[in-house]
Each structure stands twice: as C-alpha cells, then as structure tokens.
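Work through the exercises below with the sequence and the model open. Each task is followed by a solution in steps.

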Amino acid sequence: MTTVIEIDNLTKDYEVGFLRKKRVRALDGLSLRVERGEIFGFLGANGAGKSTTMKLLMRLIYPTGGSARVLGRGIEEVSMHARIGYLPEHPYFYDYLTAREFLVYCAELFGYPQRECRERADHLLGLVRLDEKSRDRQLRKFSKGMLQRVGLAQALVNDPEVVFLDEPMSGLDPVGRREVRDLIDSLRTTGTTVFFCSHILSDIEVLCDRAAILRRGRLAHVGRLEELRRAAGERRAMELIFAVADAAQIRSALSALEGATVVAVPGGARVEVAEERDVDAALGAVRAVAGARLVSVQPVGNPLEELFVGGDEGAPTNN
Ligand SMILES: Nc1ncnc2c1ncn2[C@@H]1O[C@H](COP(=O)(O)OP(=O)(O)OP(=O)(O)O)[C@@H](O)[C@H]1O
Ligand SMILES: [Mg+2]
C-alpha cells in the first residue's frame with residue numbers, strides 16, 4: 001500500500017477579533033494517513049475544522065504548526081498541486097462564461113492542447129450529467145445543484161491522482177446526490193484516491209472504505225466503517241411498533257422486561273428496549289397478547305451519530 005496523504009500534527013489558529021489579537025484553534029494536532037485508491041470520508045459537525053483542513057492541504061491558508069505531504073511531496077511543492085483536484089466548499093466561478101467555456105479554460109490552465117481541452121470539457125460535463133442544452137448557458141443562470149456539478153467536473157479536469165472534495169453533495173436534490181455518489185464510486189475503477197468531507201452520515205456510510213471523525217478540531221475516531229460502528233457501541237436501543245387495540249395490554253405483557261418502555265401511538269404501541277438482544281424477549285412476551293401484530297423493528301438512532309456528536313471532551317482551546 002502506498003500512502004498518498006500524510007498529515008502530521010497539523011494545527012491551525014485563526015486570529016480573530018479587534019486587531020486580530022485573539023486566537024481560535026480551529027484544528028488541533030491532526031495526524032492522519034490515507035492510502036492510494038481509498039475513498040476516505042472526513043466527517044464532522046459544522047465548525048469541526050473540515051474545510052480548514054482542506055484549505056491547509058491546498059495551501060490556501062498556512063498552518064500554525066505541523067506538516068502534511070500529498071503524493072510523497074510537501075504541500076508547499078507546486079508541482080504536486082498539478083496532480084491533484086479540489087472542489088472548494090464555496091466554489092467561485094466566472095459568471096459570464098458558459099459551463100463549456102469554463103471547463104475548457106480550466107483544462108487550458110493545465111496546458112493541454114486546444115482540441116484536447118474541448119474533448120475533456122465534453123467528457124466531464126457528460127460525467128457529471130449536465131444536460132446538453134445547459135452546457136452552453138452562462139454559469140450565472142445556473143442553479144446551486146448545477147454549479148455543484150460544474151465544480152465537480154472542474155476538480156477532475158486533470159485526471160487527478162488524488163481529489164479533495166469539500167461537501168460534494170451540498171445543494172443537490174436526492175437524485176443529484178445519488179448521481180454524485182455513483183460518480184465518486186466510479187473513481188474507484190481509475191484508482192483515484194478520494195478525500196471528501198461531509199456532515200451527512202449516510203453519504204459517508206455508503207461510499208467510504210474508511211472515515212475519520214473530527215470533533216471540534218480534534219480527531220475523535222478513525223477507522224473502517226465497521227470499526228467505527230463498533231467503537232460507537234453495540235449496545236443500541238431498538239424500537240418495536242405493534243398494532244394493538246389497547247397499548248395497556250402490551251405494557252402489562254412487558255412489565256417484567258427490564259429497561260423496556262411502552263407508549264401508546266395511534267393504532268398501537270411503541271416499545272423501546274435497551275439492547276438488540278431484548279428484541280426476542282419482547283416479541284415472545286407480546287405473542288401472548290391476543291390481536292397484537294408486529295409492524296416494525298428498527299434501531300433507535302445511528303451509532304455513528306453518537307461518535308459524530310460526541311460528549312464535551314475535546315473543546316477547542318481559545319487563548
Ligand atoms: N477565516 C476564519 N477566521 C476565523 N475563524 C475561522 C475562519 N474560518 C473558519 N473559522 C473557524 O474555525 C472553525 C472550523 O471551521 P471550518 O470551516 O474548518 O469547519 P467545517 O468543519 O468545514 O464546518 P462546516 O461543516 O460548517 O463547513 C470554526 O469554529 C470557524 O468558525
Ligand atoms: Mg466546511
């Protein structure tokens with residue numbers, strides 16, 4: 001395995017307030033490794049420091065401490081940046097160019113010959129599923145979702161070996177989300193390494209080989225998704241919904257089951273048990289209730305969400 005992203009103790013303080021005398025630590029000693037070909041998710045709540053990390057790696061801002069290497073080169077090396085792609089959080093476009101003109105322009109920046117620039121623009125606009133008639137419209141007339149597609153196309157214009165995507169699904173409707181998800185997934189076949197941040201758990205869950213969870217500037221967890229789920233704890237509460245004429249019957253049937261709560265809902269009862277293994281006991285007990293019927297069983301909440309939101313430890317240091 002080749003490590004393509006190496007982050008060591010990366011730290012960023014922003015200077016804020018009157019005369020910029022106050023410092024706010026947005027990123028606190030982040031160390032992380034990403035291997036070639038991985039689709040790596042970088043997860044965290046709003047303000048956790050995801051975009052700060054991306055901007056540091058892209059050399060748009062400078063670190064307070066620590067270092068990072070991409071493709072074996074220090075992030076200050078300009079030649080490395082020609083081999084990677086980046087979709088910023090708030091992409092800025094030249095409003096008066098059409099989608100096609102903009103992509104040709106992006107390709108020109110990498111020095112491809114004219115004809116190839118046009119071919120690349122066409123290929124990428126197809127890849128991000130921008131419909132044929134929108135390709136020759138000015139970007140200022142585009143919706144947020146369409147701009148997001150153009151941004152993605154732009155990030156891939158140089159066939160990057162590593163692509164950094166800051167919230168690639170933002171602003172997209174459910175169909176668009178799925179298309180972008182499929183597009184990112186298809187990058188696997190070309191061996192492209194993808195580092196993408198999101199605060200949407202489900203996007204990370206379906207796409208990523210591994211993920212890191214950032215909490216208030218600090219790395220809270222990193223690992224394969226099943227490891228993260230395990231870290232979140234296997235003890236998870238389960239919810240059972242029964243259709244029944246009188247919820248009180250369910251309540252009395254489950255009175256002996258420790259940790260079970262029963263509330264009446266329209267047409268039935270909602271039961272919550274403390275652990276997955278209590279489900280069998282609850283079903284057994286309810287079987288004795290005449291006319292009761294199981295409607296659904298599902299986990300309460302998402303164990304990954306617990307890691308994501310977390311406790312109070314790891315608060316940012318302000319000094
Ligand atoms: N230019 C800046 N000046 C001062 N503080 C900043 C600046 N940029 C970011 N911050 C602060 O740094 C912290 C991390 O911000 P960052 O944008 O990296 O978070 P994020 O994880 O990308 O959040 P989101 O999910 O909202 O995009 C936040 O507390 C934010 O207020
Ligand atoms: Mg951000």
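The model is predicted, so local features need pLDDT of at least 70 and side-chain atom pairs count only at pLDDT 80 or more, while totals for chains, interfaces and linings use all residues. Residues are numbered from 1 along each chain as its sequence is written, and chains are lettered from A and ligands numbered from 1 in the order in which they are written.

**Exercise 1. Describe the shell around ligand 1.**

Step 1. A residue is counted as near when its C-beta atom, placed from the backbone, lies within 6 Å of the molecule. The shell has 14 residues, and Y14, A26, K50, S51 and T52 come nearest.

Step 2. Assign elements, taking helices (H or I, at least four residues) and strands (E, at least two) as DSSP runs numbered from the N terminus. β1 (3–16), β2 (22–35) and α1 (50–57) each give two or more residues. The largest share, three residues, is from α1.

Step 3. Sort by class: Ala, Val, Leu, Ile, Met, Phe, Trp, Tyr, Cys and Pro are nonpolar, Asp, Glu, Lys and Arg are charged, and the others, Gly among them, are polar. The shell holds five nonpolar, seven polar and two charged residues.

**Exercise 2. Is α1 buried or exposed?**

Step 1. Apply the cut-offs: buried means 20 or more other C-beta atoms within 10 Å of the residue's own, exposed 12 or fewer, and partly exposed in between, with C-beta atoms placed from the backbone.

Step 2. K50, S51, T52, T53, M54, K55, L56 and L57 are buried. Because eight of the eight residues of α1 are buried, the helix is largely enclosed by the rest of the structure.

Step 3. Look just past the helix: R59 has a positive phi of about 65°.

**Exercise 3. How do α3 and α5 pack?**

Step 1. Helix α3 (residues 99–109) and helix α5 (residues 144–155) have axes 10 Å apart and an angle of about 20°. Axes are lines fitted to C-alpha atoms over the stretch in contact, and angles run from 0 to 180 degrees between N-to-C directions.

Step 2. Angles under 35 degrees count as roughly parallel, and α3 and α5 are therefore roughly parallel to each other.

Step 3. List the contacts (C-beta atoms, placed from the backbone, within 7 Å). A99, F102, L103 and C106 in α3 meet V150, A153 and Q154 in α5. By class, this contact has six nonpolar, one polar and no charged residues.

**Exercise 4. Locate V163.**

Step 1. V163 lies in strand β7 (residues 162–166) and is buried, with 22 other C-beta atoms within 10 Å.

Step 2. Leaving out residues up to four places away in sequence, V163 touches I84, G85, A155, L156, T192 and V194.

Conventions
Angles under 35 degrees count as roughly parallel, over 145 as roughly antiparallel, 65 to 115 as roughly perpendicular and the rest as oblique. Two residues are in contact if their C-beta atoms, placed from the backbone, lie within 7 Å.
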